[in-house]
Amino acid sequence: LDALRKKVAAANSSKAGPFAACFCAGRLFADGGADDSLADDTPFAIPTYVIGDFGAGAQRAAEGKQPDEEGRIRLAPSCYLLRGAQLRERHGMLVASLSGK
């Protein structure tokens, strides 16, 4: 998550920013080895949503965590995994997400 946290912060502070939220799709978690950044409580610069739970790394990131009332699984402060099929309003936008391969 450290690399994602840095990219989100850089994009938000660029001349194209600031942004209300960041939505990321695809394989963002490594499948092998431990990921110490999952234990890091450093907040993301803006709310960040990871759509999709591809691979063993994503399964490990969500392990033992339950979705909140909005269907989000908290990975870090202001960073959430969206699993399954959802249609919800997020930051004034209607967002549809469908995880899977």
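T48 is buried in this predicted model. Its relative accessible area is 0%. The residue is found in strand β2. Its side chain reaches back to the backbone oxygen of I46, at 3.0 Å. Leaving aside residues up to four places away in sequence, T48 touches L4, V8, C22, C24, S78, C79 and Y80.

Strand β2 spans residues 48-51. In a regular strand the side chains alternate between the two faces of the sheet. In β2, T48 and V50 lie on one side. Y49 and I51 lie on the other. All four residues are buried, so both faces of β2 are covered.

Strand β2 pairs with two further strands. One is β1, made of residues 22-25. β1 and β2 run parallel and are joined by four bridges. The other is β4, made of residues 79-82. β2 and β4 also pair in the parallel sense, again over four bridges. Y49 takes part in both pairings. In β2, Y49 is the bridge partner of F23. Y49 also stands opposite Y80 in β4.

The aromatic rings of these residues were examined next. The whole structure holds two aromatic pairs. In one of them, F23 and Y49 are stacked. Their ring centres are 5.1 Å apart, and 15° separates the planes. F23 lies in β1 and Y49 in β2, so the pair ties together parts that are 26 residues apart in sequence. F23 is partly exposed, with a relative accessible area of 30%. Y49 is buried, at 3%.

Y49 also pairs with Y80. Here the ring centres lie 5.7 Å apart and the planes meet at 25°. Planes under 30 degrees apart count as stacked, so this pair is stacked. It too links distant parts of the chain: Y49 in β2 and Y80 in β4 are 31 residues apart. Y80 is buried, with a relative accessible area of 14%. Together, F23, Y49 and Y80 form one aromatic cluster. R72 lies over the face of Y80, at 4.1 Å from the ring centre.

Two of the contacts of T48 are C22 and C24. C22 is buried, because its relative accessibility of 19% falls under the 20% limit. C24 is buried as well, with a relative accessible area of 12%. A disulfide requires the two sulfur atoms to be within 2.5 Å. For the structure, the count comes to zero disulfides. C22 accordingly is in no disulfide, and its nearest cysteine sulfur is that of C24.

Conventions. Residues numbered from 1 in each chain as written. Predicted model: local features only at pLDDT ≥ 70, side-chain atom pairs only at ≥ 80, totals over all residues. Heavy atoms only, no water. Buried < 20%, exposed > 50% of the residue type's maximum accessible area, 1.4 Å probe, protein only. Phe/Tyr/Trp six-rings, centres within 6.5 Å; stacked < 30°, edge-to-face > 60°. Helix = DSSP H or I, 4+ residues; strand = E, 2+ residues; numbered from the N terminus. Lys NZ or Arg CZ within 6 Å of the ring centre and 35° of its normal. Polar contact = N/O pair within 3.5 Å; in protein donor to acceptor, adjacent residues only side chain to side chain. Contact = heavy atoms within 4.5 Å. Pairing = 2+ DSSP bridges.
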